Amino acid sequence: MAAEPKITLYTNHACPWAHRAHITIKELGLKYEEVIIDLNSPRPQWYLDINPRGLVPSLNYNGQIITESAVVAQFLADAHPSHLVPNTGTVDGALKRARINFFVDTWFSKVGGAWFQIAIKNSEDTKEERDKLVKDFLATVEKEIEPLLADAKPFFGGEEKVGLAEALTAPFILRIYSYTRNGLLPQELIDGLDALPNFKKWAAEVIKQESVTYVWDEAKMIPATKTRFEKLRAAAAAK
Ligand SMILES: N[C@@H](CCC(=O)N[C@@H](CS)C(=O)NCC(=O)O)C(=O)O
């Protein structure tokens with residue numbers, strides 16, 4: 001058996017992109033150290049030497065630096081064959097990987113940050129705009145995502161365990177539900193998602209997985225996010 005790799009994850013628990021790496025590491029059962037990067041102050045030179053973009057996450061794996069959350073997650077999943085994603089080298093495996101990639105690409109290219117815009121417009125002054133964004137968001141999820149979850153059992157592609165499809169999207173799904181429960185997104189959003197049977201069943205499972213919840217400290221994240229949204233709203237109103 002190969003020696004345990006030495007892994008350091010440079011992260012911040014508020015960051016959904018870094019959250020992808022946490023889910024992947026946890027699903028793979030890998031030991032790691034984490035270094036929390038303060039995102040509210042300029043990155044120190046030592047961190048810019050690790051990741052010149054200054055972003056989290058960054059991974060140090062046996063001395064090799066890997067950055068960009070999707071690349072980090074894919075690297076870990078490829079280096080440690082598991083339930084997350086099939087290996088390369090067979091047509092069956094390649095097909096499953098293609099389906100996963102298509103699902104993740106669809107979420108980010110079609111749905112993406114639309115829910116974030118809804119959060120910014122989530123006030124009485126911008127209610128009309130918000131309601132239109134909610135309607136468009138739900139229509140997109142229904143058209144683009146709902147059919148791709150038809151065979152989820154409960155996870156993408158008929159899988160019983162969390163896969164790479166979930167590792168890459170779950171941080172965002174979790175935030176949508178958590179923000180709605182805490183009034184940062186309108187209830188209509190979840191009501192609409194819950195009316196999509198495939199999505200509802202899938203999301204309900206995704207957001208309760210230990211690998212997804214273990215770095216999410218809702219009590220800490222919600223007040224901080226509320227303040228951040230208020231600032232963004234004020235900046236948008238001042239334009
Ligand atoms: N495309 C990057 C995005 C990472 C990202 O935007 N991270 C944010 C935190 S959520 C960050 O490090 N921001 C620091 C900054 O912009 O100064 C990835 O997927 O890793």
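Keep in mind that the model is predicted.

Let's start with the overall layout. The chain splits into domain 1, covering residues 7-79, and domain 2, covering residues 91-238. If you take the centres over C-alpha atoms, they sit 22 Å apart.

Now for how the two domains meet. On one side, 18 residues of domain 1 make contact, and on the other, 20 residues of domain 2 do. Together the domains bury about 1700 Å², and carbon and sulfur atoms give 63% of that area. Three residues stand out here: His19, Arg20 and Ile23 supply 33% of the area that domain 1 buries against domain 2, more than any other three residues.

Eight residue pairs are in polar contact between domain 1 and domain 2. Which elements give two or more residues to the side of domain 1 that touches domain 2? They are helix 1 (16-28) and helix 3 (69-79). Helix 1 brings the largest share, with nine residues. Sorted by class, this side of domain 1 has nine nonpolar, five polar and four charged residues. As for salt bridges, the rule finds two across the interface.

Next up is the ligand. Around the ligand you'll find Cys15, Pro16, Trp17, Leu39, Arg43, Leu55, Val56, Pro57, Glu68 and Ser69.

| Residue | Atom of the residue | Atom of the ligand | Distance |
|---|---|---|---|
| Arg43 | side-chain N or O | oxygen | 3.0 Å |
| Val56 | polar backbone atom | oxygen | 2.9 Å |
| Glu68 | polar side-chain atom | nitrogen | 2.7 Å |

Where does Pro154 sit? You'll find Pro154 in the loop between helix 6 (127-145) and helix 7 (164-181).

One more residue to check is Asn62. Its phi is near 50°, which is positive even though this residue is not a glycine. Asn62 lies in the loop between strand 3 and strand 4 (64-67). Why point out these spots? Because most residues other than glycine have a negative phi, and most peptide bonds are trans.

Key
Residues are numbered from 1 along each chain as its sequence is written. This is a predicted model: local features need pLDDT of at least 70, side-chain atom pairs count only at pLDDT 80 or more; totals for chains, interfaces and linings use all residues. Side-chain values use heavy atoms; hydrogens and water are left out. Domain bounds come from an automatic or database domain assignment. Contact means heavy atoms within 4.5 Å. Buried area is the accessible area (1.4 Å probe) that two parts lose on being put together, summed over both. A salt bridge is a side-chain nitrogen of Lys or Arg within 4 Å of a carboxyl oxygen of Asp or Glu. A polar contact is a pair of N or O atoms within 3.5 Å; within protein, one must be able to donate a hydrogen and the other to accept it, and residues adjacent in sequence count only if both atoms are side-chain atoms. Helices (H or I, at least four residues) and strands (E, at least two) are DSSP runs, numbered from the N terminus. Ala, Val, Leu, Ile, Met, Phe, Trp, Tyr, Cys and Pro count as nonpolar, Asp, Glu, Lys and Arg as charged, and the others, Gly among them, as polar. A residue is near a molecule or strand if one of its heavy atoms lies within 4 Å of it.
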